[in-house]
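Me: I'd like to go through this fold piece by piece, helix packing included. Can we take it as questions and answers?

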Amino acid sequence: MAVFCVSSEVFEQFPDYLVIVLVADRVENRRHVERARTLLAESARLAWERWRAIDPKALPEIDVWRRAFRRLGWSASTYQSSVEALVRRTLKGNPPPSINPAVDLANAASLRFLVPIGAHDLATAPNGLTVRASLPGDRFLPLGDGAPEEPEVGEIVYVHDHDVRTRRWVWRQSRTGLVTPDSRTILFPIDAFQGVTAAAAVAAADWLSEQLQSLLGATVQRGLVELNQPVFDSALGDAIS
């Protein structure tokens, strides 16, 4: 089954865009809660030590997303990539809270390697996820109890059918498909750009895969989605190194 794909219209605008996809199956997301929490705290501490004297927008890994957002007409001050938001709150002394082991590990990897990393429960997305321009009828449910939103037509979104899972590319995730302690099959997209953050994405995938297997007992499949390979089929196990 194809579990992840990126539409040609996204690659037309950003041919250097790529996603490393991790699919973790048989996740035991109630194991090693404290260890995952500790790794998240360690990543926050490392981020503080490395970048406390730096404006995050000066970091190339963050600036690449700010430039991409500006190309799309999105204010870089209003809409921040998920990784920039993580770094900024950490440098303000408000590191990301512990949620559950799988999400904590994803956030830890994002902070360590400065790449956006999502976490989606695949049980709620039997048709997989697509990165594409939004269409009329697409709907986004913000976190909490906010009212449904309709993304601007043409906005880059993560979507399952017409259910938008992430707005403005890697900005904000919906409450649909959130990973819970009972999630068993989880998709972790690691978004990057060739020549800027591709190596960091590979390192993040290596680290996160190891933690998912050793701490949560998961079986992990890994794939690469890019311009010349826009679909990841979990049955194929398209591995990269």
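Reply: Helices (H or I, at least four residues) and strands (E, at least two) are DSSP runs, numbered from the N terminus. This is a predicted model, where local features need pLDDT of at least 70, side-chain atom pairs count only at pLDDT 80 or more, and totals for chains, interfaces and linings use all residues. Residues are numbered from 1 along each chain as its sequence is written, and side-chain values use heavy atoms, with hydrogens and water left out.

Me: Which way do helix 5 and helix 6 run relative to each other, roughly parallel or roughly antiparallel?
Reply: The axes of helix 5 (residues 101–113) and helix 6 (residues 198–216) come within 9 Å and cross at roughly 155°. Axes are lines fitted to C-alpha atoms, for helices over the stretch in contact, with angles from 0 to 180 degrees between N-to-C directions. Angles under 35 degrees count as roughly parallel, over 145 as roughly antiparallel, 65 to 115 as roughly perpendicular and the rest as oblique. That crossing angle therefore makes helix 5, relative to helix 6, roughly antiparallel.

Me: What about helix 2 and helix 5: is their crossing left-handed or right-handed?
Reply: Helix 2 (residues 33–51) packs against helix 5 at an angle of about 20°, with the axes 8 Å apart. So helix 2 is roughly parallel to helix 5. The crossing of the two is left-handed.

Me: How many charged residues does the contact of helix 2 with helix 5 have?
Reply: On the helix 2 side, the contact includes Arg-37, Glu-42 and Arg-50, and on the helix 5 side Asp-104 and Arg-112 are among the residues. By class there are 12 nonpolar and two polar residues, and the charged ones number five.

Me: How does helix 4 sit relative to helix 5?
Reply: The axes of helix 4 (residues 82–91) and helix 5 come within 10 Å and cross at roughly 85°. Val-83, Leu-86, Val-87 and Thr-90 in helix 4 meet Asn-107, Ser-110 and Leu-111 in helix 5. The angle makes helix 4, relative to helix 5, roughly perpendicular.

Me: Which side chain makes a polar contact with the side chain of Arg-88?
Reply: Arg-88 is found in helix 4. Leaving out residues up to four places away in sequence, Arg-88 touches Asp-55, Pro-56, Lys-57, Arg-66 and Gln-80. A polar contact is a pair of N or O atoms within 3.5 Å; within protein, one must be able to donate a hydrogen and the other to accept it, and residues adjacent in sequence count only if both atoms are side-chain atoms. At 3.4 Å, the partner is Asp-55.

Me: Which strands stand at the edges of the four-stranded sheet?
Reply: The sheet is open, with order 3-9-2-10 and antiparallel pairing (two strands pair if DSSP finds at least two bridges between them). Each edge strand has a single partner strand, so one side of each is left without a neighbour in the sheet; they're strand 3 (120–121) and strand 10 (219–225).

Definitions and conventions:
Left-handed = near helix turned anticlockwise from the far one by under 90°. Contact = heavy atoms within 4.5 Å. Nonpolar A, V, L, I, M, F, W, Y, C, P; charged D, E, K, R; others polar.
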